[in-house]
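The sequence and the structure come first.

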Amino acid sequence: MRSLFVGLTIALVPFAIPPQAQGQETEQGTADPSAFVGNWVGSLNVGTVQLRMRFEIGESGGELTASVFSLDQGNAQVPVESVTLAGATLTVTMPVAGATYEGTLSADGNSIEGSFAQMGSTLALNLERTDADETEARRPQDPVEPFPYLSEDVSYPNPDGGHTLAGTFTRPESGGPFPTVILISGSGPQDRDEALLGHRPFLVLSDHLTRRGLAVLRFDDRGVGESTGNHAVATSRDFASDVLAGVAYLMTRDDVDPGAIGLAGHSEGGLIAPMVAVESDDVAYIVLMAGPGVNGERILYAQGELIARANGASREAIAQNRELQRAMFAVLKAEPDVERAGEVLADLVRTALQEAGEEVRAQAGITEDAALEGAVAAQVQPVNTPWFRYFLTYEPAETIERVTVPVLAINGENDLQVPYEENLREIESALQRGGNTEYEIHALPGLNHLFQYSDTGSPTEYQAIEETWSVEVMELIADWILETVEG
């Protein structure tokens, strides 16, 4: 689930290259290009998380080349257009991501002091020379081939959207037809593994469920990976049509039990699953994993305060953020014209940041006027979209009230993004109002939004935690699904 706080939340799209070399500056003050060759790692402080960036720099024909990766965003690679060297200063341009890195080599050749600029904002990014093996995050739950089950790459159309979805279907090697679950990812462009911050939650979950005897379909969001379509203009309602297309596809497979197809949605996926369940008679059950029970506005107020508090923000900064949130949301609800809304939102954010204290301005990365405008754009662009406008006012409880199939709803008690008390309470109340008695509700101590055991639940902890999914939670999900379909 996306977060909204007065601060920089840039969407990085990461790079790649070879070995190490020693080198010093020449007599003319220009560094030997070979001095930059090697593997470099540094961290960007983007407010709620630290994002590690890896630069692999090489040399070909006397010219430098580079590949750049965001280690904590699924090791995603950022396309590089050019690498130039002026004196001891390296410049790497990444126009696809709207980004540029500029850094100066230290005298000993073991570090590069520099900055990463994107969308008009500039953040410090100092790189240290490292071995490639040292950049790999330890993820002991990632499954390793050969798998004790069948894994098949699949694709299927969504006639409503006019695009094709691609994913992976896993099932036990023998037997069948199998009870099957579709995994629905959280907000933002997600691949079939829901890769984020070095974790691949859906890869781990699908592996566990398949080993327990279930078939699983996980897929790239529209416009992501091998799926076609345009993610940027879609709303949760549109994403629900993609899940309906997946249900229709499963109904064509002989190895799928047509009476035991279910949905398991994480975060926004837990908002989408009930939509699909009330539209399709082919859905037999749903699992809501940190799914919303209240509208986006209420979630974002609670989320912003809880995350800021966990990260040590002052009461003043939290109050300033809440005030700005209210003003921005009011504009989005009242002004349907996107261009006009963008102008008003920009004025609101610009004024708020100009008047903000040093703490808030520092979190937003504001050091000069250009950085201010970048911070304004970073706050306005993500919210002035069809998705955000829909999410802000959509009432999930009204749909949950109409769900008649069995429901499992789970939340971690350390979840700061979809706080468990209010959301689980509203989910249960909606089910009761609708007369649905086939449900289980679980608040799980110590678990965060990703269902990892955590200290505070802050998103800053996600990437540092080795665990991708609590095994107990995966067992709870598998047990409940099997008991439900075997009924």
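Helix α2 gives the most residues to the lining of the largest cavity, namely three. The model is predicted: local features need pLDDT of at least 70, side-chain atom pairs count only at pLDDT 80 or more, and totals for chains, interfaces and linings use all residues. Residues are numbered from 1 along each chain as its sequence is written, and side-chain values use heavy atoms, with hydrogens and water left out.

**Largest cavity**

- The volume of the largest cavity is about 90 Å³. A cavity is a set of points, on a 1 Å grid over the protein atoms alone, where a 1.4 Å probe fits but cannot get out; lining residues have an atom within 4 Å of a point. The volume is the space filled by probe spheres set on the points, which are joined across faces, edges and corners.
- The lining consists of I184, S185, G186, G188, F219, D221, H231, F239, D242, V243, E268 and I272. Two or more of these residues come from each of α2 (236-250) and α3 (268-279).
- Sorted by class, the lining has five nonpolar, four polar and three charged residues. Here Ala, Val, Leu, Ile, Met, Phe, Trp, Tyr, Cys and Pro are nonpolar, Asp, Glu, Lys and Arg are charged, and the others, Gly among them, are polar.

**Overall make-up**

- The protein has 12 helices and 18 strands. Both are DSSP runs numbered from the N terminus: helices are H or I with at least four residues, strands are E with at least two.
- Of the 487 residues, 57% are buried. Buried means under 20% relative accessible area (1.4 Å probe, protein chains only).

**Helix α3**

- The 12 residues of α3 reach 18 Å from first C-alpha to last, close to the 16 Å expected at 1.5 Å a residue. The expected span is 1.5 Å times one less than the number of residues.
- Because 10 of its 12 residues are buried, α3 is largely enclosed by the rest of the structure. The buried ones are E268, G269, G270, L271, I272, A273, P274, M275, V276 and A277.
- These buried residues pack against β13, α2, β15 (256-266), β16, α9 (386-393) and α10. Contact means heavy atoms within 4.5 Å.

**Helix α11**

- The 14 residues of α11 (residues 420-433) should span 20 Å at 1.5 Å a residue, and the end C-alpha atoms are 20 Å apart, which agrees.
- E422, N423, L424, E426, I427, A430 and L431 are buried in α11. They pack against β16 (285-289), α4 (296-310), α10 (396-400), β17 (407-412) and β18 (439-444).
- G435, which follows α11, has a positive phi near 80 degrees.

- L205 sits in helix α1 (residues 201-211) and counts as buried because its relative accessibility is 0%. Beyond its neighbours within four places in sequence, L205 contacts L183, M289, W469, M474 and I477. L205 and A478 are 273 residues apart in sequence, yet their C-alpha atoms are 9.6 Å apart.
- Y156 belongs to strand β11 and counts as buried because its relative accessibility is 3%. Again leaving aside neighbours within four places, Y156 contacts T164, L165, L217, F219, D242, A245, G246 and Y249. Y156 and L250 are 94 residues apart in sequence and 9.7 Å apart between C-alpha atoms.

**Backbone features**

- E145 and P146 are joined by a cis peptide bond with omega of about 5 degrees; P146 lies in the loop between β10 (127-129) and β11 (149-158).
- G176 and P177 are joined by a cis peptide bond with omega of about 0 degrees; P177 is in the loop between β12 (163-172) and β13 (178-184).
- E194 is not a glycine, but its phi is positive, near 55 degrees. E194 lies in the loop between β13 and α1 and is buried, with a relative accessible area of 3%.
- F451, also not a glycine, has a positive phi of about 65 degrees. F451 is in the loop between β18 and α12 (471-486) and counts as buried at 0% relative accessibility.

How values were computed. On a 1 Å grid over the protein atoms alone, a cavity is a set of points where a 1.4 Å probe fits but cannot get out, and a pocket is an open set with protein on both sides within 12 Å along at least five of seven lines; lining residues have an atom within 4 Å of a point. Buried means under 20% relative accessible area, exposed over 50%, partly exposed in between (1.4 Å probe, protein chains only).
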